[in-house]
Amino acid sequence: MAADTEHDAVVFDPFSADFYRDPHAFYPRLRAQTPVFYNADYDFYALSRHADVAAGLKDFTTFSSAYGVDLGMVRTGQKAPAKMIISIDPPEHRVMRSLVNKVFTPRAIRALHDMVSDTVDRFLAAVCDASAGSSFDVVSDFSVYFPVDVITQMLGVPEEQRQQVRLWIDESLHRAPGQIDISESGKQAMAEMWLMYYQLIQERREAPREDMISALIAAEVTRDDGTTDRLRDSEIAGFATLLGGAGAETVTKLVGGAVATFARHPEQWQQLLDDRTLIPAAVEELLRYDAPVQYNVRRSTREVRLHGVTIPAGAPVFLLGASANRDPDAWTAPDTFDISRDRTEAQNLGFGYGIHSCLGAALARMESRVALEKLLDLMPRYEVLWDGCRRVSMQNVAGYSHVPVRILV
């Protein structure tokens with residue numbers, strides 16, 4: 001458990017059952033007493049204050065992503081073998097990020113609205129008749145399904161394989177308490193997902209379609225030496241694997257957490273019922289208050305002295321974005337959920353910051369807004385069946401695997 005008095009040693013174990021149950025129980029004392037925390041058991045450092053986390057996320061030359069984004073990868077000291085955009089630094093990163101900016105333009109996201117709305121409708125209609133007294137699980141019956149369906153539709157994955165992508169991702173991210181490294185079954189899941197995308201790339205090279213993989217195959221990129229060529233199959237497969245994973249997990253957890261959070265703040269649910277224009281602000285506050293991604297891990301490339309602590313070169317460093325988003329030095333009343341708060345007070349780190357900020361943040365925001373709109377229509381009044389709520393135990397990601405609700409009159 002998190003220590004109870006300020007005289008006890010500060011404890012932070014992001015692989016413990018206690019952390020998976022309530023990560024926010026640990027952050028206040030980290031920020032107040034050990035803003036540069038060292039875990040001797042796992043040999044990592046952690047930054048928890050907003051100013052430090054934001055600076056760390058921006059400073060890719062000091063805190064490198066090239067070794068991966070979780071402790072299991074970073075502590076090996078070997079650069080990530082898969083060339084995913086999340087695990088490469090400039091100058092390589094600029095090539096891939098320029099493609100992202102072309103794919104996820106505001107106009108492109110707006111054009112996806114009807115597809116997202118139809119997908120949300122389809123999965124929501126399958127689980128609940130909307131009558132008073134009816135029950136369903138917002139996560140396991142609904143929000144696990146539609147986000148991965150959206151992103152894999154965009155990529156061009158056949159319908160019969162879309163939910164398999166979700167199962168592969170869940171297996172690869174799952175961590176039992178105390179487990180740091182990916183399991184053998186998780187490695188197998190990643191390999192199978194990579195192979196599926198690789199085979200799909202070969203099919204699209206032979207017969208292009210109107211999907212993202214076909215667009216990536218056709219795209220021309222300017223390499224750092226000034227030459228122009230096409231993306232390699234491995235680059236496209238890595239890009240698709242990352243998009244599929246990010247697209248599946250973040251919105252799933254955000255929507256489940258939203259229903260739980262609004263159940264504790266019914267007056268703010270009522271505000272949304274009264275004024276749907278507040279939904280975008282609600283999504284931003286949900287991202288600040290309890291973002292699905294709790295942290296990212298970087299590797300220090302040089303010795304860093306911060307708050308009287310020396311972080312050596314080559315050390316894994318946790319950048320605790322979820323803690324930063326509740327830092328009282330950055331936000332007024334940070335532990336209060338308030339959809340009307342002044343969002344200009346600080347940078348919301350819910351989708352990261354700097355060059356590695358979330359690829360599909362605009363899409364995730366749009367999906368979350370659509371899902372909230374539909375849930376407001378479906379269950380203007382509801383109650384959460386708290387005894388049935390369950391949380392996931394995953395690396396980097398936090399949130400609910402089950403949020404059962406009953407629709408009220």
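Buried means under 20% relative accessible area, exposed means over 50%, and partly exposed covers the range in between. The exercises below use this scale on a predicted model.

**Exercise 1. Classify H307: buried, exposed or partly exposed?**

Step 1. Locate the residue. H307 is in the loop between strand 8 (304-306) and strand 9 (309-311).
Step 2. Read the value. The relative accessible area of H307 is 43%, so H307 is partly exposed.
Step 3. Check the backbone. Phi of H307 is near 50°, which is positive although the residue is not glycine.

**Exercise 2. Describe the surroundings of V297. Which residues does V297 touch?**

Step 1. V297 sits in strand 7 (residues 296-300).
Step 2. Its relative accessibility is 0%, so V297 counts as buried.
Step 3. Leave out residues up to four places away in sequence. V297 then touches G68, V69, D70, L71, V74, P316, V317 and F318.
Step 4. Compare with T336. V297 and T336 are 39 residues apart along the chain, and 27 Å separates their C-alpha atoms.

**Exercise 3. Assign the geometry of two aromatic pairs: F12 with F318, and W269 with Y382.**

Step 1. Set the cut-offs. Ring centres must lie within 6.5 Å, and planes over 60 degrees apart count as edge-to-face. This rule gives 19 aromatic pairs.
Step 2. Take F12 and F318. Their ring centres are 6.4 Å apart and their planes stand at 90°, so this pair is edge-to-face.
Step 3. F12 is in the segment before helix 1 (17-21), while F318 is in strand 10 (residues 316-319). The pair links distant parts of the chain, 306 residues apart.
Step 4. Check burial. F12 and F318 are both buried.
Step 5. Take W269 and Y382. The centres are 5.3 Å apart and the planes are at 80°, so this pair is edge-to-face.
Step 6. W269 is in helix 14 (residues 266-274) and Y382 is in strand 11 (residues 382-384), so the pair ties together parts 113 residues apart in sequence.
Step 7. Check burial. W269 has a relative accessible area of 4% and is buried. Y382, at 11% relative accessibility, also counts as buried.

**Exercise 4. Look beyond single pairs. Which residues form one aromatic cluster, and which rings carry a charge over them?**

Step 1. The cluster is formed by F12, F15, F19, Y20, F26, Y27, F37, Y42, F44, Y295 and F318.
Step 2. Y67 has the charged end of R299 over its ring, 4.5 Å from the centre.
Step 3. Y289 has R326 over its face, at 4.0 Å from the ring centre.

**Exercise 5. How do helix 13 and helix 14 pack?**

Step 1. Two packed helices are described by the angle between their axes and the distance between the axes.
Step 2. Helix 13 (residues 233-264) meets helix 14 at an angle of about 110°, and their axes are 5 Å apart.
Step 3. Angles from 65 to 115 degrees count as roughly perpendicular. Helix 13 and helix 14 are therefore roughly perpendicular.
Step 4. List the contact. Helix 13 supplies F262, A263 and R264; helix 14 supplies P266, Q268, W269 and L272.
Step 5. Sort these residues. Five are nonpolar, one is polar and one is charged.

Methods:
Residues are numbered from 1 along each chain as its sequence is written. This is a predicted model: local features need pLDDT of at least 70, side-chain atom pairs count only at pLDDT 80 or more; totals for chains, interfaces and linings use all residues. Side-chain values use heavy atoms; hydrogens and water are left out. Rings of Phe, Tyr and Trp (its six-membered ring) pair if their centres lie within 6.5 Å; planes under 30 degrees apart count as stacked, over 60 as edge-to-face and the rest as tilted. Helices (H or I, at least four residues) and strands (E, at least two) are DSSP runs, numbered from the N terminus. Buried means under 20% relative accessible area, exposed over 50%, partly exposed in between (1.4 Å probe, protein chains only). A charge sits over a ring if NZ of Lys or CZ of Arg is within 6 Å of the ring centre and within 35 degrees of the ring normal. Axes are lines fitted to C-alpha atoms, for helices over the stretch in contact, and angles run from 0 to 180 degrees between N-to-C directions. Angles under 35 degrees count as roughly parallel, over 145 as roughly antiparallel, 65 to 115 as roughly perpendicular and the rest as oblique. Contact means heavy atoms within 4.5 Å. Ala, Val, Leu, Ile, Met, Phe, Trp, Tyr, Cys and Pro count as nonpolar, Asp, Glu, Lys and Arg as charged, and the others, Gly among them, as polar.
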